[in-house]
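Take a look at the sequence and the 3D structure below.

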Amino acid sequence: MIRQFRCFLLLAIIVCGASSATAQVRIVQTNSGGDNIHLIDPSTHAIVGEVTGVPINHGAAAAPDGSRLYFSSEGEQTLHVVDGKTLKSVKSIPLSGRPNNISISPDGRRVYVGIVSSPGAVDVIDTASMEKVKSIPTKGGIHNVYVTPDGKYVIAGSIAGRLMTVIDQKTDETAWTLFTEGVRPIAIETNPDRSSKRLFVQLSNVHGFAVVDFQQRKEVSRVMLPNDIPEEKVDKGPFNGSPSHGIGVAPDGKTLWVTSRPNARVYVYSLPDLTLLPGPVDLGGRPDWVTFTPDSKLVYIATENTDSVIAIDVTSRKQVAKVKVGKAPKRNITMVMK
Amino acid sequence: MLQGARGQGIVVRGNRRWALGLSAAGLIATIVLTPSYAGAGRVDDDLPDGEGKRILLASCTSCHELTEVTKFRGYYNRNQWRDIVVTMMEYGAPIDEKQVDVLADYLAAHLGKH
């Protein structure tokens, strides 16, 4: 019996070891002021890869298996398709206008590109053919776009249109809209079945975020970030009209991380109760975006005016590394290579 | 206008001051403390004077570092620059209709694709 248990334990260790050895995690950090993107190994915080030739890169997305990366280029007004292993460009796909952020469906079949040029659109890229197959018109240029984790909806935020548009992914038609303010980054809290429960939405000139009940399709509360640092240390900007830019729900669903540009800090709220936890983390610069490792142990926050990414231990809420990257780092994502 | 932040209003006023020229001490402190301001200062000096520059400094730098504009140097033609100006108007930038083409011309001439 003991021998059988030992055999089982050994087998379990081998299987787990093989699994972790084959899945590599990378933090993919765009650099909005340049043409390169850095890949960081979160186990060492070292830069282990670089994609080049994507001028004024904005959005990033990774195929679910890590076989490809996608980047929008504001300079070229294209979507770059990059091989996940060689990090070489496979194709550059022309878009209907100047792109901002992008998002990929959970099955990896479609990439959605927010088009910020007037009158606004969400371009749809078929990843098999690597062609733009559709351009969904929107009210106002699109800044950020998100596919919900269950793949059922595409959420597009417009600053100019002062509107959040929720698009049915099956029909590409608008399901519902919300807000009369410029819509900035959004974080999605999910139910156990991966359907969307609440949205945490940053808005133009709001030092905080709105809480949206997804089923009710309405804003249910608004949370303002603390003014908890001495006046002389408050950064006066400019903040691109977005004092709070960068928000994310940890993959384990236990915490919400919200950044403040004036305070150069990130604030952490417990979920689902939205209680502000002690110990905001100083970032030393203006934050732009957050991404987590899949195990929810680390969060990486890009600070655009220091050309750096800050790595923070989620549990202790302490900075563990500062990684120097390229010019004006903004959007970042987590890539899992299987 | 700015909800929740203690710096309400100061954000705009502070940057207009920057656009109009900071005091020497303030300029030195700004350059030392924030590298991105240093970059903006150099770029500012690269751009020739004119009505377009006046609009650029008055209207764009209330929300953006100048580097957010000049990073597009060499990528856009006039129509594309005009599209950006119109987009920024829609965002709420203080630009009137008459200034759109003046600013688009200026950006195309000095930061445009040639």
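## Leu298 of chain A and its contacts

L298(A) touches P42(A), H45(A), T291(A), F292(A), T293(A), I312(A), D313(A), V314(A) and V320(A), leaving out residues up to four places away in sequence. Contact here means heavy atoms within 4.5 Å. L298(A) sits in strand β26, residues 298-303 of chain A. Helices (H or I, at least four residues) and strands (E, at least two) are DSSP runs, numbered from the N terminus. L298(A) counts as buried because its relative accessibility is 14%. Buried means under 20% relative accessible area, exposed means over 50%, and partly exposed lies in between (1.4 Å probe, protein chains only). The C-alpha atoms of L298(A) and S118(A) are separated by 38 Å, and these residues are 180 apart along the chain.

## How to read the model

This is a predicted model, where local features need pLDDT of at least 70 and side-chain atom pairs count only at pLDDT 80 or more, while totals for chains, interfaces and linings use all residues. Residues are numbered from 1 along each chain as its sequence is written, chains are lettered from A and ligands numbered from 1 in the order in which they are written, and side-chain values use heavy atoms, with hydrogens and water left out.

One of the contacts of L298(A) is T291(A). T291(A) belongs to strand β25 of chain A. It is buried, because its relative accessibility is 9%. What does the side chain of T291(A) make a polar contact with? The partner is the side chain of T334(A), at 2.6 Å. A polar contact is a pair of N or O atoms within 3.5 Å; within protein, one must be able to donate a hydrogen and the other to accept it, and residues adjacent in sequence count only if both atoms are side-chain atoms.

The largest pocket has a volume of about 1,400 Å³. Of its 46 lining residues, V147(A), P149(A), R194(A), T291(A) and T334(A) are the closest to its centre. A pocket is an open set of points on a 1 Å grid over the protein atoms alone, where a 1.4 Å probe fits, with protein on both sides within 12 Å along at least five of seven lines; lining residues have an atom within 4 Å of a point. Grid points are joined across faces, edges and corners, and the volume is the space filled by probe spheres set on the points. Strands that each supply at least two lining residues include β4 (57-62), β25 (287-292) and β29 (329-337) of chain A.

## Val51 of chain A

V51(A) lies in strand β3, residues 46-51 of chain A. V51(A) counts as buried because its relative accessibility is 1%. Residues in touch with V51(A) include D35(A), F71(A) and L87(A).

## Chain B and its cysteines

Chain B has seven helices and zero strands. Of its 114 residues, 47% are buried. Helix α4 of chain B (residues 51-60) is largely enclosed by the rest of the structure, because seven of its 10 residues are buried. Among them are I55(B), L56(B) and C60(B).

Over all chains, the disulfide count is zero. A disulfide is a pair of cysteine sulfur atoms within 2.5 Å. C60(B) is buried at 13% relative accessibility, whereas C63(B) is partly exposed, with a relative accessible area of 31%.
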